[in-house]
Protein chains: 2
Amino acid sequence: MVDIVVFGSVAFDSIKTPFGKTDKTLGGSGTYASIAASFFSKAGVVSAVGSDFGTENMDILKKKGVDLTGLALMPGKTFHWKAEYGHDINSAKTLDVQFNVLKNFKPELPEEYKNAEFLLLGNNDPEAQLNVLNQMEKRPKLVIADTMNYYIEHKKDKVLEVVKEADICLMNDGEARMLFNTPSLLKAAKKIIKLDSNLAIIKKGEHGALLNTEKGSFVAPAYPLEEVIDPTGCGDCFAGAMIGFLAKQGTVNEELMRKAIIYGSVVASFNAEGMGTEKLCSISMQEIEERFNEFKEIVRF
Amino acid sequence: MVDIVVFGSVAFDSIKTPFGKTDKTLGGSGTYASIAASFFSKAGVVSAVGSDFGTENMDILKKKGVDLTGLALMPGKTFHWKAEYGHDINSAKTLDVQFNVLKNFKPELPEEYKNAEFLLLGNNDPEAQLNVLNQMEKRPKLVIADTMNYYIEHKKDKVLEVVKEADICLMNDGEARMLFNTPSLLKAAKKIIKLDSNLAIIKKGEHGALLNTEKGSFVAPAYPLEEVIDPTGCGDCFAGAMIGFLAKQGTVNEELMRKAIIYGSVVASFNAEGMGTEKLCSISMQEIEERFNEFKEIVRF
């Protein structure tokens with residue numbers, strides 16, 4: 001039995017940044033999000049990998065406490081993303097994507113996942129996200145969905161359906177502006193609230209995150225990092241730690257949501273300090289708590 | 001006797017934004033900064049205007065409490081800036097600049113300004129900024145200097161001298177990255193601290209501001225605005241309200257600096273809500289205090 005179901009890719013990444021490179025190392029939105037969530041609660045990841053995935057990568061996930069009942073092992077190769085970050089470390093240039101086993105993958109939730117109370121629909125095709133949501137036996141307490149510009153451009157109606165169905169649809173500032181055709185983030189946030197009548201969280205990368213409810217705004221800074229080594233997976237870590245913290249509390253309200261956003265920022269900031277999942281896999285819960293407390297000092301006035 | 005000397009242009013602006021336009025209305029960095037400072041303390045502005053400036057514009061400044069002893073009335077026309085903001089409201093496109101009376105203007109401080117304890121060197125040629133600083137009879141308690149990308153490109157050595165001489169050199173994120181040739185704002189901040197051995201403040205526009213000391217970081221959000229009507233002068237309002245608040249306290253330390261940055265953000269956010277100085281001139285100190293308190297709620301977790 002898991003507390004959180006994370007639907008998101010488990011993959012190979014080959015990444016180059018000004019500070020280092022990785023070659024076919026463990027990556028994917030499901031990987032980052034489920035490891036981040038596992039600091040707080042029991043999370044299982046739903047995806048598929050190929051026969052080249054290797055037990056060493058399975059072991060990394062298991063060691064971090066991720067449940068792998070929902071990870072299908074399929075004939076063929078594992079999804080593989082190649083990308084490069086330049087001087088502006090905030091945007092990746094995709095060099096190659098090989099979908100491989102994820103090309104025609106139809107996610108099927110294990111029976112014991114269908115009653116989980118927390119569901120994270122990672123960056124994915126909105127139709128696949130809705131399909132996973134529909135497989136749940138009862139409506140989870142909290143559904144968080146992530147999105148990306150590709151689907152906003154190509155499947156806008158379906159993305160809007162996900163915004164409606166989920167409790168929280170995470171998007172970054174560019175995506176929010178694109179989806180609602182406005183330069184004003186606050187206007188975009190209000191449109192999100194109107195759609196799902198709950199709350200809106202807009203991620204602003206190195207500038208933190210904005211939470212909006214009908215009552216007002218919460219603005220969370222990002223942790224000031226001297227050097228971003230590799231930002232891959234930071235958005236997934238943000239979402240994973242957020243839902244992990246909320247699942248641990250067992251309930252959701254605005255006060256807890258504010259704390260969840262800070263925990264999300266904490267785990268994302270650690271993740272950016274190493275190549276791939278390297279740093280994410282080496283931090284302790286104590287370090288997370290320490291940086292959480294540092295955030296209080298960072299915003300105090 | 002004034003508490004604060006503001007060196008910065010008093011000018012005419014003709015601005016077009018997606019939300020409105022102005023035609024030869026009161027503007028200039030000295031105007032915005034001295035009005036913002038005057039909410040808190042007695043400020044005088046040092047600049048020159050031409051015979052076309054008109055008593056109605058003098059009256060606007062006087063009504064807001066700005067001392068005009070240092071404002072020279074010269075034969076010729078007032079400095080005139082024409083600019084346009086597009087969909088991305090954060091960057092202005094300059095359409096025309098007529099320097100007019102400011103072309104060969106050599107600022108001369110009135111005697112009674114030379115003992116002021118607070119000095120704001122607005123956006124200007126760094127040599128003129130140093131010239132004004134050198135006219136002070138004793139070193140002020142606090143010297144804040146603003147800069148802009150043009151001078152970083154064309155007079156980098158002099159800008160670095162201003163950074164060294166001033167207690168705080170304000171720059172925005174792009175300027176800091178350019179001046180210290182690094183994508184990392186925290187690295188740039190550390191280089192500023194190394195130069196003037198004090199503290200660094202980097203403005204991030206709609207993303208707020210970063211204060212760095214040797215002890216650590218303070219990250220201030222910007223006030224979430226639904227609509228930015230006209231961002232002209234927001235940076236000057238930020239600097240003016242900051243130094244105004246600090247002059248009112250009569251002393252400077254990190255705790256007060258954090259509050260000063262929030263007051264700066266508050267006044268800048270109001271300024272952005274109207275065309276030109278329209279909104280800045282209509283707000284009350286009570287409204288400023290209310291929004292200051294709102295900021296506490298915005299960052300609370």
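Two residues are taken to be in contact if their C-beta atoms, placed from the backbone, lie within 7 Å. On this criterion, in the predicted model, 26 residues of chain B are in contact with 26 residues of chain A. The elements of chain B that contribute two or more residues to the side touching chain A are helix 7 (185-196), strand 14 (217-220), helix 9 (254-271) and helix 10 (285-299). By residue class, this side of chain B comprises 13 nonpolar, five polar and eight charged residues. Because 100% of the interface residues of chain B are also interface residues in chain A, the copies meet through the same surface.

Strand 12 of chain A pairs in the parallel sense with strand 11 (residues 168-172) of chain A over two bridges, and A:Lys203 in strand 12 is the bridge partner of A:Asn172. With strand 13 (residues 209-212) of chain A, strand 12 pairs in the antiparallel sense over four bridges, A:Ala200 standing opposite A:Asn212 of strand 13. Strands 12 and 13 of chain A form a hairpin with five residues between them, and in the turn A:Gly205 adopts a positive phi of about 55°.

Conventions. Residues are numbered from 1 along each chain as its sequence is written. Chains are lettered from A and ligands numbered from 1 in the order in which they are written. This is a predicted model: local features need pLDDT of at least 70, side-chain atom pairs count only at pLDDT 80 or more; totals for chains, interfaces and linings use all residues. Two strands pair if DSSP finds at least two bridges between them. Ala, Val, Leu, Ile, Met, Phe, Trp, Tyr, Cys and Pro count as nonpolar, Asp, Glu, Lys and Arg as charged, and the others, Gly among them, as polar.
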